[in-house]
Amino acid sequence: MTSPAATATNTAVEQTTLSYSDDGAALTFTAGGRQIATYTYRPTDDQYESPRPYFHPLSTLGGDEVTIFRPWDHVWHKGLSLALPNVGKDNFWGGATYTRATGYANLDNNGAMTHEAFTAIGDAGAGITAAEELVWSSQDGTPVIAEKRRFNVQLLDVPATPAWALLFETEITNISPDAIEIGSPTTEGRDNAGYGGLFWRGPRSFTGGQFRSDAGTGQDEFMGTRSEWISFTGQHDDTCRFSSITFVEDGTNPGAPNQWFARSSMFACLGAAPFFSEAVPLVAGQPLRYRYAVVISDGQVDGQSAAELAGAAKAALVAWA
């Protein structure tokens with residue numbers, strides 16, 4: 001199925017038409033006929049990798065790919081995805097689980113986030129919005145969490161910066177008979193390992209790239225910092241061009257501004273990490289909701305352009321609410 005959707009004006013791409021297609025396992029989004037995003041909602045991953053929907057590949061409007069899939073060092077890293085390593089006794093991240101009692105160990109607890117249905121998908125006025133229902137189950141198949149997920153793909157009208165935004169919203173509800181705390185390896189005692197949330201893994205060539213927030217620029221020193229937005233710029237092999245990815249957190253998120261999981265030197269990755277250093281209870285009847293914008297842009301960003309992209313993304317999040 002293919003559907004034309006929204007037409008938007010960008011200073012670098014005039015009257016670009018957004019469209020999507022659905023092959024029964026993945027949605028593919030195009031801008032002006034060029035593929036910019038694929039959302040695989042029926043993955044075929046091994047249980048050890050905690051199967052879940054993911055966005056890959058993601059590309060700039062100029063055609064440069066900014067995600068990696070199943071890197072050999074962490075095969076459970078899948079482009080951009082919602083992934084959580086410490087959800088009560090379950091692992092919805094993939095790989096070994098870190099606990100205070102065991103360190104990293106294979107605990108046969110790798111759960112899965114299973115697509116149930118799209119309740120709506122199509123033109124949302126600004127871009128294309130998909131609404132999805134999922135069930136998170138333990139490795140033995142026991143339902144643990146019900147999720148309502150929405151995401152939106154839209155172009156951003158930012159002067160001199162070709163860019164598009166992925167808006168993402170998740171609402172998770174405890175449907176298990178047990179109390180659940182959502183944490184991270186850091187809440188289990190491992191320093192500076194607070195990963196878990198909406199997580200992006202960049203191409204190999206992005207290793208050593210630069211972070212930027214309203215606090216300035218740098219690399220691994222941004223690990224665990226708090227800010228409303230954060231950008232990462234990396235350089236591509238072959239073309240030698242630069243691309244940037246900017247995360248913006250909605251100010252209504254619980255605990256906002258939350259910490260970022262930000263790494264440059266080992267490999268390029270960036271993630272929203274609301275459970276970085278303190279476990280958060282998921283109480284039955286009291287769902288948790290988190291909203292983000294992820295901006296994919298061509299070229300490098302400086303202080304002004306990064307702030308402009310973040311501002312446009314924040315405005316898009318507010319309008320999309």
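In this model, Glu-181 stands opposite Pro-281 in strand E22, where strands (E, at least two residues) and helices (H or I, at least four) are DSSP runs numbered from the N terminus. The model is a predicted one, in which local features need pLDDT of at least 70 and side-chain atom pairs count only at pLDDT 80 or more, while totals for chains, interfaces and linings use all residues. Residues are numbered from 1 along each chain as its sequence is written, and side-chain values use heavy atoms, with hydrogens and water left out. The points below take up the strands, the helix, the nonpolar cores, the cysteines and the salt bridges.

**Strand pairing around E14**

- E14 (residues 180-183) and E22 (residues 280-282) pair in the antiparallel sense over three bridges, and two strands are said to pair if DSSP finds at least two bridges between them.
- E14 also pairs with E6, again in the antiparallel sense, over two bridges, and here the bridge partner of Val-87 is Ile-182 in E14.

- An open sheet of nine strands runs in the order E10-E11-E12-E13-E23-E19-E18-E16-E17, with antiparallel pairing.
- Strand E10 (112-123) and E17 stand at the edges with a single partner strand each, so one side of each is left without a neighbour in the sheet.
- Neighbouring strands of this sheet are turned by 20° against each other on average, direction ignored, with axes taken as lines fitted to C-alpha atoms (for helices over the stretch in contact) and angles running from 0 to 180 degrees between N-to-C directions.
- Strand E16 (residues 210-213) and E17 pair in the antiparallel sense over three bridges, and the bridge partner of Ser-213 is Gly-216 in E17.
- H1 packs on the sheet, touching E11 (128-137), E12 (143-156), E13 (163-174), E16, E18, E19 and E23 (288-298), and its direction makes about 140° with that of E23; contact here means heavy atoms within 4.5 Å.
- Thr-119 is found in E10, and, leaving aside its neighbours within four places in sequence, Thr-119 is in contact with Ala-131, Glu-132 and Glu-133.
- Although Thr-119 and Glu-132 are 13 residues apart in sequence, their C-alpha atoms are 5.7 Å apart in space.

**Nonpolar cores and cysteines**

- The largest nonpolar core has 55 residues, of which Trp-164 and Phe-247 touch the most other members; such a core is a set of buried Ala, Val, Leu, Ile, Met, Phe, Trp, Tyr and Cys residues joined through side-chain atoms within 4.5 Å.
- Neighbours within four places in sequence aside, the contacts of Phe-247 include Leu-80, Leu-198, Trp-200, Trp-229, Ile-230 and Trp-260.
- A second, separate core of 17 residues includes Ala-163, Val-248, Ala-293 and Val-295.
- A search of the whole structure finds zero disulfides, a disulfide being a pair of cysteine sulfur atoms within 2.5 Å.
- Cys-269 counts as buried at 0% relative accessibility, whereas Cys-240 counts as partly exposed at 49%; buried means under 20% relative accessible area, exposed over 50% and partly exposed in between, with a 1.4 Å probe and protein chains only.

**Salt bridges**

- The count comes to 13 salt bridges, a salt bridge being a side-chain nitrogen of Lys or Arg within 4 Å of a carboxyl oxygen of Asp or Glu.
- The side chains of Glu-49 and Arg-70 form one of them, at 2.7 Å from N to O. Glu-49 lies in the loop between E4 (34-40) and E5 (54-58) and Arg-70 in the loop between E5 and E6 (80-87), so this pair ties together parts that are 21 residues apart in sequence.
- Within that pair, Glu-49 is buried at 6% relative accessibility, and Arg-70 is partly exposed at 36%.
- Asp-64 forms a salt bridge with Arg-241, their closest N and O atoms being 2.8 Å apart. This pair links distant parts of the chain, with Asp-64 in the loop between E5 and E6 and Arg-241 in the loop between E18 (229-235) and E19 (242-249), 177 residues apart.
- Asp-64 is buried, with a relative accessible area of 6%, while Arg-241 is partly exposed at 41%.
- Lys-314 and Glu-228 meet through their side chains in a salt bridge of 2.9 Å, N to O. Lys-314 lies in H1 (residues 303-320) and Glu-228 in the loop between E17 (216-218) and E18, so the pair ties together parts that are 86 residues apart in sequence.
- Arg-150, Glu-169, Asp-250, Arg-289 and Arg-291 are linked in a network of salt bridges.
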